[in-house]
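Visitor: Could you walk me through this structure, starting with the ring pairs and then going on to the helices?

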Amino acid sequence: MMVVRKALPADKARVLTMAKRFHEQSAVHFPFSAAHASLLFDQSLTDPDRLCLVIEDDGVHGALSAQTVDYHLAGIRVATETFWWVSPRHWRSMPELLSEYEDWATFRGASVVGMGMIGGRCASNIFVRHGYARAEQMYSKRVVPLI
């Protein structure tokens, strides 16, 4: 039976595997850091302004990592996802994953929730069906640090 729940320490290895898959598919210009991903996971278990949800269905098949912060340009709190990954067979669980994320965000005082995407139409269609609107598009460029 499929369930969306907060991550437990025992989920760490599987969540880090999904974080690495997300990173690989996002085509960013820097290598994945297992140490940083591990720290992020640990913080999501202890910091009330961080969250890691998992989709469990005879194993963990999806994860969403998020945080709530004060928005720098307005007097509101926002929730932003750090990464999310759902195996293709478990995309049917996206509505429950989004609902749990939104419930957590509003409990933490957020008035806006955000979801990014690296996929195509499938993710976009799910977000639109659940009331999300496109807000911006991200570009990145690799530079050489001076310090």
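**Ring pairs and a helix contact**

Guide: The structure holds 4 aromatic pairs, a pair being two rings of Phe, Tyr or Trp (its six-membered ring) with centres within 6.5 Å, where planes under 30 degrees apart are stacked, over 60 edge-to-face and the rest tilted. This is a predicted model, in which local features need pLDDT of at least 70 and side-chain atom pairs count only at pLDDT 80 or more, while totals for chains, interfaces and linings use all residues. Residues are numbered from 1 along each chain as its sequence is written, and side-chain values use heavy atoms, with hydrogens and water left out.

Visitor: How are the rings of F22 and F83 arranged?

Guide: Their centres are 6.0 Å apart and their planes at 40°, so the pair is tilted. F22 is in helix α1 (residues 12-26) and F83 in strand β4 (residues 77-86), 61 residues apart; helices (H or I, at least four residues) and strands (E, at least two) are DSSP runs numbered from the N terminus.

Visitor: And F83, buried or exposed?

Guide: F83 counts as buried, at 6% relative accessibility (buried is under 20% relative accessible area, exposed over 50%, partly exposed in between, with a 1.4 Å probe and protein chains only).

Visitor: What about W84 and F127?

Guide: Their ring centres lie 5.8 Å apart with planes at 75°, so this pair is edge-to-face.

Visitor: Switching topic, which residues make the contact between α1 and α2?

Guide: K12, V15 and L16 of α1 meet A37, S38, F41 and D42 of α2, contact meaning heavy atoms within 4.5 Å.
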